[in-house]
Amino acid sequence: MIELGIFALTWQSLVMLGIGLLLIYLGISKNMEPLLLGPIGFAVILANLPLTGITGESGLLYVIYQQLIATGIVPLIIFLGIGTMTDFSPLLANPKTFLLGAAAQLGIFLALGLAIILGFDLNSAASIGIIGGADGPTAIYAATRLVADRPEIIAAVTVSAYSYMALVPIIQPPIIKALTTKKQRKIRMGTMRKVSDIEKIVFPIGVTIIVGLIVPSALPLVGMLMLGNLFRTSGVMDRLSDTGGNALMDIATIMLGLGVGFLMVGNTFIQLETLKILLLGVFAFAAATAGGTLFGQIYYKLSNGKINPMIGAAGVSAVPMASRVVQKMGQEEDPGSHLLMHAMGPNVAGVIGSATAAGILIGLLG
Amino acid sequence: MTPLEVMIIGIGVVFITLSILTLATYLFGWIINKFFVQEKEDEKEKVAAIIAAIHARGGD
């Protein structure tokens, strides 16, 4: 006799169906990370309809999660795709902005501390802190390595990381405004030097070797990012660059959405801890923005007012949203100001910085 | 390892790693531009000299 799913619905599964619909709504109607929130939202619905077996041990979502997400394969493939789409030229033209990308990682470690105060264990706190890196694949990769036995934390960290990335234009401006003066926000920055093709090719190889030697546990993330970037910069691997940045990344994104949706099952996801993680995520983003901006203030002083401190806020790695925020805020004060490329330096440095920070935490606690 | 140790070591190693990357990027950028990209400029100068010579002979 066929069992009817409707009689097996619980209040938790109904709430999760609502959350699934909300994520789909935010993705489609509000254009918030639609490529990810769409599949996640749909997968949440799939995972929370009762008696389907789709999350069981031979079920589709279970297999996708266990084989592709828990192993770290999909986040790493996405990182390769990000590498094919990232232009490191602004960073190469102005390498000192690397340190702004480092300063913005302060959010990761401050959020870790706050999570400990709120009662999380060290590994969970480290996973939550990584949200401050503003980098979805890094957050998922780190969480699967640090709290493999706590799927509800992996799910909350993932949703938090991607949701807040879409909210960068809302979270960052008030913090940047609070930490800079109107005069500072008006500062125009000159044109950047042209970066040669050889520099662009040597960079991904050099970064891979250096990071691999200093923080070996960050190598999977940084290595894949740089491999993708080598595809882009070499000028002779266009087919690989195209596949890595388009078809392969799209496939990985679909798998990621389905795999994360699998984790969002009502009886484990609906907890007070999930709410705490979502709040800690906002704090992590805010602290990262503040860390970058305050370090930007040091650059402002050292350069005798030639560097606009706002570009430090772009050190959170949400590329290119954080740079666009800086550009927009600069133009609000001075319509002739063009800070976008200057902000892209710390922005792409933040991608390397957050991957390095994740690697350090995995190395220490994984 | 205590949480405070993780926080201090973590942010410290991030800064050390990215500082080394900063120095390496400056160093390699300088070497590349000094010894490799220069050749292109030399070639440009050669092309300019040839064009000037053609003009001097009255050619177009």
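Start by selecting Leu21(B), which sits in helix α1 (residues 3-35) of chain B; helices here are DSSP runs of H or I with at least four residues, numbered from the N terminus. This is a predicted model, in which local features need pLDDT of at least 70, side-chain atom pairs count only at pLDDT 80 or more, and totals for chains, interfaces and linings use all residues. Residues are numbered from 1 along each chain as its sequence is written, while chains are lettered from A and ligands numbered from 1 in the order in which they are written.

Leu21(B) counts as buried because it has 26 C-beta neighbours inside 10 Å (buried means 20 or more other C-beta atoms within 10 Å of its own, with C-beta atoms placed from the backbone). Now show Phe98(A), Val207(A) and Ile210(A): Leu21(B) touches these, not counting residues up to four places away in sequence. Contact means that the C-beta atoms, placed from the backbone, lie within 7 Å.

Next, colour the contact between the chains, with 25 residues from chain B and 34 residues from chain A. The chain B side has 18 nonpolar, seven polar and no charged residues (Ala, Val, Leu, Ile, Met, Phe, Trp, Tyr, Cys and Pro count as nonpolar, Asp, Glu, Lys and Arg as charged, and the others, Gly among them, as polar).

Move on to helix α20 (residues 340-365) of chain A, which reaches 37 Å from its first C-alpha to its last, close to the 38 Å expected at 1.5 Å a residue (the expected span is 1.5 Å times one less than the number of residues). Of the 26 residues in α20(A), 21 are buried.

Which residues have the most contacts inside the largest nonpolar core? They are Ala111(A), Leu112(A), Ala143(A), Val157(A), Leu221(A), Val326(A) and Ala358(A), in a core of 135 residues. α20(A) gives the most to this core, with twelve residues. Such a core is a set of buried Ala, Val, Leu, Ile, Met, Phe, Trp, Tyr and Cys residues joined through C-beta atoms within 7 Å. Pick Leu221(A) and, leaving aside neighbours within four places in sequence, you will find contacts including Leu76(A), Phe79(A) and Ala358(A).

Terms used:
Contact = placed C-beta atoms within 7 Å. Helix = DSSP H or I, 4+ residues; strand = E, 2+ residues; numbered from the N terminus. Buried ≥ 20, exposed ≤ 12 C-beta atoms within 10 Å, placed from the backbone.
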